[in-house]
Amino acid sequence: MKDQLPVPETKSFHFSSRQSVALVLLCTFFGAAAQMLIKSGANALASGSPLAMLTNLPLVAGYSLYGISTVLLVLALRDGELSLLYPVISLTFVWVTLLSLTLLKETANPYKLAGIAIIVLGVAVLGKEKKS
Amino acid sequence: MNTPLSSMLLVLLASFIGSFGAVFLKWGAGRLHRHWKSMIFNWRLAAGVGFYLLSSFFFVLGLRHGELTILYPMVSLGYLWTMLWSCIFFGERVTRNKFLGIGLVLAGIVVLNLGNR
């Protein structure tokens, strides 16, 4: 932090490892909502012109949520371990699948359900890992 | 329908570039302090986002041909690269639990995508 702008004499913030995981979790919620919005926006898109994209509310909202989710990820990475937090983002797949099943009425099948269960198990194993 | 090698290589490249996005985000995040400017005027974070955009460009190119069931899970190989860089650049430990966790996540993504056929 030496080469940064002059920092006021306030104590810098610090996230506990639990808070970092919570931030990534929040990041996956926003990421999943972003993907759903972008999908519905893309389906409604009449043409590929920049104007059509910028006036497409779901698309704009989706990308904004992606922005928020990136900010949350950066905050989480500040004090958390990258190798631990990064795979947790895969929970986004889980939320998107669950949202697709409920909102878009996509059909469930054993593969989807088993996949979700295995991903959640993997994240749980990562969550058990203590910060060094 | 089979998946051309060129598509696989493009997606592999995308996952590789994306893992550097993660590295730069982590690097930039370490420089954050209590001022919003530290998040905006932070070239490491900007580079991280840049790597992600570049990665999605190659990803889209790769997805044009071939089976999504094969190509989509390949992006998650980025988790493995990221673990390698975390160890090299940030001195994070590679543990059995991390390997197990990432392995399960990868397997889960493969199985999940089989359901999207």
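T69(B) is partly exposed, because 17 other C-beta atoms lie within 10 Å of its own. On this scale a residue is buried with 20 or more other C-beta atoms within 10 Å, exposed with 12 or fewer, and partly exposed in between, and the C-beta atoms are placed from the backbone. You'll find T69(B) in helix α4 of chain B, residues 68-75. Helices here are DSSP runs of H or I with at least four residues, strands are runs of E with at least two, and both are numbered from the N terminus.

Before I go on, the housekeeping: this is a predicted model, where local features need pLDDT of at least 70 and side-chain atom pairs count only at pLDDT 80 or more, while totals for chains, interfaces and linings use all residues. Residues are numbered from 1 along each chain as its sequence is written, and chains are lettered from A and ligands numbered from 1 in the order in which they are written.

Back to our residue: which residues does T69(B) touch, leaving out those up to four places away in sequence? They are N113(B), L114(B), N116(B) and R117(B). Touching, or being in contact, means that the two C-beta atoms, placed from the backbone, lie within 7 Å. M39(B) is another story: it sits 30 residues from T69(B) along the chain, and their C-alpha atoms are separated by 37 Å.

If you take the contacts with a separation of 6 or more, residues 24 or more positions apart account for 74% of them.

Now for some helix packing inside chain B. Two packed helices are described by the angle between their axes and the distance between the axes. For α1(B), residues 5-29, and α5(B), residues 78-90, the axes come within 9 Å and cross at roughly 40°. The axes are lines fitted to C-alpha atoms, for helices over the stretch in contact, with angles from 0 to 180 degrees between N-to-C directions. The two helices are therefore oblique to each other; the classes are roughly parallel under 35 degrees, roughly antiparallel over 145, roughly perpendicular from 65 to 115, and oblique for the rest. Their crossing is right-handed, meaning the near helix is turned clockwise from the far one by less than a right angle, with anticlockwise being left-handed. Among the residues that meet here are F16(B), A22(B) and V23(B) in α1(B) and W81(B), W85(B) and F89(B) in α5(B).

Chain A next. It also comes to six helices and zero strands, and 38% of its 132 residues count as buried. One residue I'd point out is K105(A), in the loop between α5 and α6 of chain A. Its phi is near 55°, a positive value in a residue other than glycine. Is K105(A) buried or exposed? It is exposed, with 7 other C-beta atoms within 10 Å.

So how do the chains meet? 37 residues of chain A are in contact with 39 residues of chain B. On the chain A side, the largest share, 13 residues, comes from α6(A). By class, that side has 21 nonpolar, 11 polar and five charged residues. Nonpolar here is Ala, Val, Leu, Ile, Met, Phe, Trp, Tyr, Cys and Pro, charged is Asp, Glu, Lys and Arg, and polar is the others, Gly among them.

Finally, the core. The largest nonpolar core has 57 residues, and V24(A), A76(A) and I119(A) have the most contacts inside it. Such a core is a set of buried Ala, Val, Leu, Ile, Met, Phe, Trp, Tyr and Cys residues joined through C-beta atoms within 7 Å. Its largest share, 10 residues, comes from α1(B). Beyond four places in sequence, I119(A) touches residues including F93(A), V94(A), V105(B) and I109(B).
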